[in-house]
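Thanks, everyone. I'll walk through one structure today, going from the overall picture down to single residues. Please have a look at it first.

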Amino acid sequence: MELEDTVAVEVRKQEEVVETWNQRKQTQIMQLSEKLIHGDLDSQIEAARDIRKLVRKSSSSSSSSSMKTRSKLAAAGVIQPLVLMLVSPSLDAREASLLALLNLAVRNERVIYIFVFIRNKVKIVTAGAVPPLVELLKFQNGSLRELATAAILTLSAAAPNKPAIVAAGATPLLVQILCSGSVQGKVDSVTALHNLSTSTENSAILDAKAALPLINLLKECKKYSKFAEKTTALLEILSNSEEGRIAISKSDGGILTLVETVEDGSLVSTEHAVGALLSLCQSCRDKYRELILNEGAIPGLLRLTVEGTAEGRERARTLLDLLRDSPREKRLASSVLERIVYDIAARVDGADKAAETAKRLLQDMVQRSMEHSLSRIQHSAASCTPSDIRST
């Protein structure tokens, strides 16, 4: 009994400690809210900075503590005065409020806590944060502009916020940052634009000016990364307009970069990359067919018909049909050919290595076909008389 009594006493002590700590935190939160609402500018800046510190400290202890702290701060009414600070003449006030709002809105990845952060994101936008954030995107002050970009990125992750952000004119400014911002600013712009583009009504938000910086970013990143998936998704959207297609094809290495992504990308990025190439070729086969062929697209497309997503496989087959010379009725269906080669590879090297072996076999077949076609062209040209040439 003595042991049980001792344990019970210790449990009560721990509960009292937790209760005392929670009361202190609640008191601190109410004091911060009071300073934000009724304090002078210096007090507001100090309170905004303390909110950021409080949220970061709670995040380092546990996800549950972080969620509760953010919820209590929002319930205490700190969001509205923080949003009002975004239009302050003081740059320090703007920066402090931006950092505090970012910490209130940033998402914890555990699903059970996501609703809290979505709710805070929506509250921030409802409080009127978007217009002043868009104004900050125009700033020459790199630090504030970068923070505003990060804030737009965070807020755009909540579906209810997307129409308000687009309507406020954020997307052209995000494209500008994509063209001339810092590395972090460009990365955040891509993610924000991707968030905004996922709504059907916002699918045409991109300006063709985004093509070149997107191609350059895709060149530099790992083709199988999440960032590459977002970048190629935006490039596929651009490929749906004539201006976008021209911008992609005129970008240095634009088509080559998409071809390389088809070869080395993840399932998602390959699907988007082949979708962009297909849009180009379908819009004007005569214009884009040779450009795509010259970048060596065939081996990657053949591999994609075997290894891609259902949509990726279908797009690859359609693009292969457009890239071929022969009439449709004389072709061996690409899916049949691919399956035959894959089955042969599986028998020779086993199922584990079948995809790689099939790729090599298909590459060899394509190479031989191209060499044969070139030989025929050269032979035909050598047999032409001067009058034949003039008559053409």
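One term before we start: a residue is called buried when its relative accessible area is under 20%. And keep in mind that this is a predicted model.

In α7, the buried residues are V130, P132, L133, V134, L136 and L137. That is 6 of its 8 residues, so α7 is mostly covered, by the under 20% cut-off.

Now step back to the whole protein. There are 22 helices and 0 strands. The protein has 392 residues, and 44% of them are buried. What about contacts along the chain? Take those with a separation of 6 or more: 66% of them join residues 24 or more positions apart.

Next, the core. The largest nonpolar core has 93 residues. Four residues have the most contacts inside it: I51, L82, L133 and L301. Which helix gives the most to this core? Helix α5, residues 91–105, with 9 residues.

L133 is worth a stop. What does L133 touch, beyond residues up to four places away in sequence? The list is L86, L98, A148, A151, I152 and L155.

Several of those names come back in the packing of α7 on α8. Helix α7 covers residues 130–137, and helix α8 covers residues 142–156. Their axes are 8 Å apart, at an angle of about 140°. An angle over 145 degrees would count as roughly antiparallel. At about 140°, α7 and α8 are therefore oblique to each other. The crossing of α7 past α8 is left-handed. Who makes the contact? From α7, it is L133, L136 and L137. From α8, it is R145, A148, T149, A151, I152 and L155. By class, that contact has 7 nonpolar, 1 polar and 1 charged residues.

Stay on α8 and turn to its other partner here, α11. Helix α11 spans residues 183–197. The axes of α8 and α11 come within 9 Å and cross at roughly 25°. That is under the 35 degree limit, which makes α8 roughly parallel to α11. This crossing is left-handed too: α8 passes α11 that way. On the α8 side, the contact uses E146, T149, A150, I152, L153 and S156. On the α11 side, it uses Q184, G185, D188, S189, T191, A192, N195 and L196. The class count for α8 with α11 is 5 nonpolar, 7 polar and 2 charged residues.

Now helix α10, residues 170–180. Its buried residues are A170, T171, L173, L174, V175, I177 and L178. What do they pack against? Both α7 and α8, and also α9, α11 and α12.

On to some single residues. A157 sits in the loop between α8 and α9. Leaving out residues up to four places away in sequence, A157 touches K121 and N195. A157 and A192 are 35 residues apart in sequence, but 7.8 Å apart C-alpha to C-alpha.

Two residues of helix α6 next. Helix α6 runs over residues 111–126. N120 lies in α6, and N120 is buried, at a relative accessible area of 2%. Beyond its neighbours within four places in sequence, N120 is in contact with R70, A74, I79 and L104. T126 has 65% relative accessibility, so T126 counts as exposed. Between T126 and P160 there are 10.0 Å, C-alpha to C-alpha, and 34 residues in sequence.

Last one: E236, in helix α13, residues 226–238. Is this glutamate buried or exposed? E236 is buried, because its relative accessible area is 14%. Its contacts, apart from neighbours within four places in sequence, are E271, H272, G275, A276 and R315.

That's my tour. Happy to take questions.

Note on methods. Residues numbered from 1 in each chain as written. Predicted model: local features only at pLDDT ≥ 70, side-chain atom pairs only at ≥ 80, totals over all residues. Heavy atoms only, no water. Helix = DSSP H or I, 4+ residues; strand = E, 2+ residues; numbered from the N terminus. Buried < 20%, exposed > 50% of the residue type's maximum accessible area, 1.4 Å probe, protein only. Contact = heavy atoms within 4.5 Å. Axes fitted to C-alpha atoms, helices over the stretch in contact; angles between N-to-C directions. Parallel < 35°, antiparallel > 145°, perpendicular 65-115°, else oblique. Left-handed = near helix turned anticlockwise from the far one by under 90°. Nonpolar A, V, L, I, M, F, W, Y, C, P; charged D, E, K, R; others polar. Core = buried A, V, L, I, M, F, W, Y, C linked by side-chain atoms within 4.5 Å.
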